[in-house]
Amino acid sequence: MAEPLVELQGVTFGYGRVPVVENIDLHLHPGQFAGLLGPSGSGKTTILKLILGMLSPQRGTVFVDGNDLQGRPSRRVAYVPQLETIDWNFPVTVEQVVLMGRIKQMGLLPWASRADKHAAAEMMERLGIGEMRKRHIRDLSGGQQQRTFLARALLANPDLLVLDEPTAGVDMGTQENVLRLLAELNRGGVTILMTTHDLNAAAAHIPWVICMNRSVVASGPPDQVFTPKILAATYKGNMVVFRHNDMLFVGQQPHDHTYRDLMPNPVPGDEIVKPDGTLPALSPETEKLIHSDVKEQQWISS
Amino acid sequence: MDQLLTPFQFEFFRYGFIAALLVGALCGMIGVYIVLRGMSYIGHGLSHAIFGGAVASYVLGWNFYLGAGLWGFVAALLINQTTRRYRIGADAAIGIITTASFAIGVAIISRYRRFTTNFDAALFGNVLGVTLNDILIIAAVTVFTLAIIFFLYKQLLFITFDREVASSYGVRVEWIDALFAFVLASAIIVSMQTLGVTLIAAALVIPPIVTRMLTDSFSHMMVGSVLIGALTAALGMYLSFQLDVASGAMIVLVGAFLFVLALALREVRRIRRPRLESELLVPITARDLLE
């Protein structure tokens, strides 16, 4: 096996006296596509920042490509932040954001050279946002915004792409597009590490998952790691795992009630649920909207 | 026509006019970064902090520009560090550090009452006192600032847009922050005589805000803010002579007028803009689907 691209050895870090992450040992090999999972406050983003050299460990060492980072960023790593942290009213175009990825290669002059613009244009074309280059970042859809920040990261020509919740705050279709794109980039040779809260998306698209809650609980392929026991240790809650046609689904385990026990009538004051507990038939228009594929999957909820 | 040009016959006005023009452009240029970083209050706070430094350097017999400059630079660095290390909001850090520094100045004044008149000028601006030497210093700071912004344009843009991420792309954020604090402190010190401590904040904030309302482009905002800053200052100076009003106050009033004008223009644009299809759609509820 090749030498690890990223290696964390006994890493502990905290913002105050209480450590956020403790005694972390983690390896990431070239070409890997890994997801970092855990509840809020479990230290996922802290791990990313340690790998990015934005934080220095209080104990232990972070190596990138064999070099001890010591709180300095590595040129081989590029970062895609959470979209929620971006100021969408900032006066920049898509092209200006993408060009930021080339900041270390650009000269002293304030404007981008022809070569810089060409490289940015190629990257935008590759990610399908070529036509948007002159648009303000606010005027993009969620998927296009994610692609813009991916293009910025990829323009830095990294070996490792680090993404903080790239699927947060976007619809399911965009989520799938983003994850497919990441898988494509991974097949093209880029090592990827991303955090996510979406266990089902991780099960479907990410070949290696690391479950953590202040320390690493388990790591491996989703079908080995996503077990009720490991998920309970990670999230401190009951979860159920379904398998269907080689696919894995994770759901919350109801404790002693279902939502119908709690609220039989979803619209208060409007008795849309029949006395026998059944819901009224859907209108023909709604029936048409439901794709036959979706109907087939209804065994999960029944 | 001769009457319109009358003020330019006086040397003090010519000096004051040139100083105001440069200060307006300088504050407009730096103001873009201040406003986009969400630190609009820093101009107000830092000018008050520097007032403490100006009084202290007067008492200690130091050169005004050196003493007040060093004081302002240290105050700006302290604000930056307090905000980052102790997770105190920028507004609170500015409030504590700059008012404490201003209080030092007031305490010294109340102890040595003899020079209160000079500091009235520092508080409210006194364009009559602008000398050729002052103009040269303002010009030097403007050229220095222009050079810093020219050569660090991309880095400053990245830091202003996405500070945390910029460091992971190899931008030396701490170093550039310190340099920017120095530039800001220098700009405020050279602006004190023309605008006065109490009105500098407006010169830093109004031009970029006015331009921001008219454009979505960073480079246009930069150029526009410099032009509006210079225009505001020049027009304010001219009107202050004609109407016999304090120069700093008049410059700020012209800026405020342009702000109202920009607001009105934006409102007109908004009304004239054709509505997007998505704005015309009526949201569908679950109830609609069930019926």
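1. Basis. Residue numbers start at 1 in each chain as its sequence is written, and chains are lettered from A, with ligands numbered from 1, in the order in which they are written. As the model is predicted, local features need pLDDT of at least 70 and side-chain atom pairs count only at pLDDT 80 or more, while totals for chains, interfaces and linings use all residues.

2. Confidence. A contact here requires C-beta atoms, placed from the backbone, within 7 Å.

3. Chain A overall. Chain A holds 11 helices and 12 strands; helices (H or I, at least four residues) and strands (E, at least two) are DSSP runs, numbered from the N terminus. Of its 302 residues, 35% are buried. Buried stands for 20 or more other C-beta atoms within 10 Å of the residue's own, exposed for 12 or fewer, and partly exposed for counts in between, with C-beta atoms placed from the backbone. Among contacts in chain A with a separation of 6 or more, 61% are between residues 24 or more positions apart.

4. Chain B overall. Chain B has 15 helices and 0 strands. In this chain of 291 residues, 46% count as buried. Residues at least 24 apart account for 74% of the contacts in chain B between residues at least 6 apart in sequence.

5. The interface. Contacts between the chains involve 26 residues of chain B and 25 residues of chain A. On the chain B side, helix 7 (132–151), helix 8 (153–161), helix 9 (163–168), helix 12 (218–243) and helix 15 (286–290) each supply at least two residues. Helix 8 of chain B gives the largest share of that side, 5 residues. By class, the chain B side has 13 nonpolar, 6 polar and 7 charged residues. Nonpolar covers Ala, Val, Leu, Ile, Met, Phe, Trp, Tyr, Cys and Pro, charged covers Asp, Glu, Lys and Arg, and polar covers the others, Gly among them.

6. A helix pair in chain A. Helix 3 (residues 114–126) and helix 4 (residues 142–155) of chain A pack with axes 10 Å apart, at an angle of about 130 degrees. Because of that angle, helix 3 of chain A is oblique to helix 4 of chain A. Oblique is what remains after roughly parallel (under 35 degrees), roughly antiparallel (over 145) and roughly perpendicular (65 to 115); axes are lines fitted to C-alpha atoms, for helices over the stretch in contact, and angles run from 0 to 180 degrees between N-to-C directions. From helix 3 of chain A, A:Ala119, A:Ala120, A:Met123 and A:Met124 meet A:Ala151, A:Leu154 and A:Leu155 of helix 4. This contact has 7 nonpolar, no polar and no charged residues.

7. A:Leu83. This residue sits in the loop between strand 6 (77–80) and helix 2 (94–100) of chain A. A:Leu83 is partly exposed because it has 19 C-beta neighbours inside 10 Å. Leaving out residues up to four places away in sequence, A:Leu83 touches A:Gln145, A:Gln146 and A:Gly169.

8. Positive phi. Most residues other than glycine have a negative phi. A:Asn23, in strand 2 (residues 21–28) of chain A, has a positive phi of about 50 degrees. A:Asn157, in the loop between helix 4 and strand 7 (160–163) of chain A, has a positive phi of about 55 degrees. A:Asn23 is partly exposed, with 15 other C-beta atoms within 10 Å, and A:Asn157 is partly exposed, with 16 C-beta neighbours inside 10 Å.

How values were computed. Two residues are in contact if their C-beta atoms, placed from the backbone, lie within 7 Å.
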